[in-house]
Amino acid sequence: MRGVRWRRVASQIGRSVAVWAVSTLTMLVLAALLPDFQLQSADGDSATRIAVTAACGAGAFGVLSAVVWPLLVRLLLLVPALVLGLLVFFLNGSLLLLALRINPSGRGAAAPETAVIVAAVMSAVASATGAALAVRDDETYRRRLHRLAARRRRSDPPCPVTPGLVLVQLDGVGHDVLADAVGKGLMPTVGRWLGACGTEQTTVRVPAARAGGTERTAVRVPAHADGAEQTVDAVAAHGDGAPSAGHRPEPTHRLTRWRTDWSSQTGASQLGILHGSTFDVPAFRWYEKDRREVMVCNRPTSAAELQRRAVRRTGDGGLLTADGASRGNLFSGGAGEQALVLSIAARRRNRENRSRAGYFAYFSDPAGAVRTALSFVAEVVREIGESTRARLRGERPRVSRGGLYPFVRAFATVVERDVVVAAVMGDMLAGRTAVYADLVAYDEVAHHSGPHSRDAEKVLQRLDRSLALIERVAEHAPRPYRVAVLSDHGQSPGETFRARYGLTLGDLVRAGCGLHVPRRADQTHSGAEARAAVRAALRRPVEEEKSDRRRAARGTEPIVLASGNLGLVSFPDVPHRMTKEEIDARHPALLTTLANHPGIGFLLVRSEKHDGVVLGAHGAEIPLARLDAEPGPLARFGAGAADAVRRTHSFPHAADIMVNSAHDPDDGEVLAFEEQIGSHGGLGGAQSHPFLLAPLELSAPVGEGEGELAGAEQVHRVLRRWLHELGAAQVPLTADEEQEKAA
């Protein structure tokens, strides 16, 4: 045992010397290439003296990086995350200048801007060298990852031997997108879990016109206990279209599709998954008349309020209350360990409540911090290049990707991903019972590039590598882990409502109310039709109608909010939810204008006679009670649409008018009321069909003959059941869950 320990010490010393030597050589090369970086006096020095200066400088920089860097990052926890990522370069450059100043030879010097470059290159080279030397040493790899774990767990008792559960949310990745990525070989880790890597493929010829100009094959994923075998569409791997054959690995995971509520967005889905309630979350953003406030799910104060309401409604702290960790989420799930959690960001920070504490765990490693910073810059450049190429090619649909968006994308696809994955690894090495983490990279890119774009596919490849890293860490954790992957919603493609019709939903609503609209909207075909409908309903000439618009009081104007392809119209001066009869009396042309517009799929309004009605084109008016027998305009939105609409109607804060865009079932496209070509938030297409990918050791999400897994609240019950199966007995089952278990 003592001999093994000494061999480890000798190995570590050898690696440290090798990294020091490579860093010294790197510093010498940079001094020769960069005119503002010198390792000799003005009169010149011998080669030996210059080499000693470089060795001392490299050693001092390495020591400062290991000792001073973590303290600097801890002091900067109050700095916004995006700014902290950019400061990495300048902080590293400052450490290099300090290392040169304390160099015993006293001969090193560098301009500040040059020091930033030298420090970044040296950190990257040192990191790559250390990783290359340790690649075959599992124990070294484990010790490296341990530096990312929270040190306060050291004094805690040993973790249980029962398996823990890691839940990774791939934000916005729909079931069909995941299946297609597996078929194309973009996600080999997920493909191996499903037994789809190296499988024999059944070739199905698909005309090039239907496959985007590329012949495709169908890869069949083996059937599992919860349903029929999965079929994923894949691009043929060979030029002649012949499928590749090989050994079929045994599947280790089960892929299940589930269906969201009407509000197919992270705020509702994640609240339901983590806290068991999606009640009264009608959209991503909505107006609450009783509080006179616009609620936005990704606003810290709104997220905190939504979490408080869910806890009060369920009487339970959340999915992660028993030794759990919440990473990168909107809500905490009741976890004791929280980092990058939005619902706690509005609170006063203390040791138990640090929404940005996860950044310290990651940026305390200077090599990792520099690597992330370099990747951040590369991603900004990549986005600028990709958006320029799309604009030059005249690709359609397309939205603006300028301004700060390249930096927002880089933060989501690089910084947030790296920090959250590092936090998850630390949680696993600390032996936590339940971990839930959200990776938002795909969702952010798909909004602006499209859910099936090449940009989005590249993000899926990188996310798969993150899953592979988490899987590898599980092999070194102090307890066994079951890794499950899920999504909160999908995304539906399509051009924006504004791009197709030349006006926004707000413009259309204002025109239907007879209010002033911008000249660009007033001159469109839709705006002119709405204006004509108002004049016909009021039986007034143009001059009188314009006079009425000038007299309209600002307080009576409607509030129009968009959540993907779901729109909400509220009249703030009316304290209650208005009925169809009240709206018709106040604005006779509004509902007709909206329902008959080709970009609108259907409306939901309250009714004095029928409680609630769905309105569609050509005078369609279906009471909610008759939707199952007579779906009317909901027929195009598939199974479950009627139930989703009825449930939203029961919410106290449903808008006066709920507006869902049109949907084409043939191509799955919708029309977003926001500037997004990949959208979610309403009904229509792939946005309502996320996935749940879980190990076969866990029970099937739904039993045979039980139908589709519907709603985030039901997903929450499945996850709680799995925790109970894994031995987390401290997670109590609710009465409904006890009944399900007994059944």
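A residue is called buried when its relative accessible area is under 20%, exposed when over 50%, and partly exposed in between (1.4 Å probe, protein chains only). The model on your screen is predicted, so local features need pLDDT of at least 70 and side-chain atom pairs pLDDT 80 or more, while totals for chains, interfaces and linings use all residues. Numbering starts from 1 along each chain as its sequence is written, and side-chain values use heavy atoms, with hydrogens and water left out.

**First stop: H16.** Select residues 505-512, which form helix H16. Helices here are DSSP runs (H or I, at least four residues), numbered from the N terminus. Of the 8 residues in H16, 8 are buried, including Leu-505, Asp-507 and Arg-510. Step just past H16 to find Gly-514, where phi is positive, about 80°.

Click Cys-513, which counts as buried because its relative accessible area is 12%. Now try Cys-297: it is buried too, at 0% relative accessibility. A disulfide would be a pair of cysteine sulfur atoms within 2.5 Å, and a search of the whole structure finds 0 of them.

Select residues 405-430 for H12 and 441-449 for H13. How do their axes cross? They come within 8 Å and cross at roughly 150°. Next, show side chains: Tyr-405, Val-408, Arg-409, Ala-412 and Thr-413 of H12 meet Ala-441, Glu-444, Val-445, His-448 and Ser-449 of H13, where contact means heavy atoms within 4.5 Å.

Key: Helix = DSSP H or I, 4+ residues; strand = E, 2+ residues; numbered from the N terminus. Axes fitted to C-alpha atoms, helices over the stretch in contact; angles between N-to-C directions.
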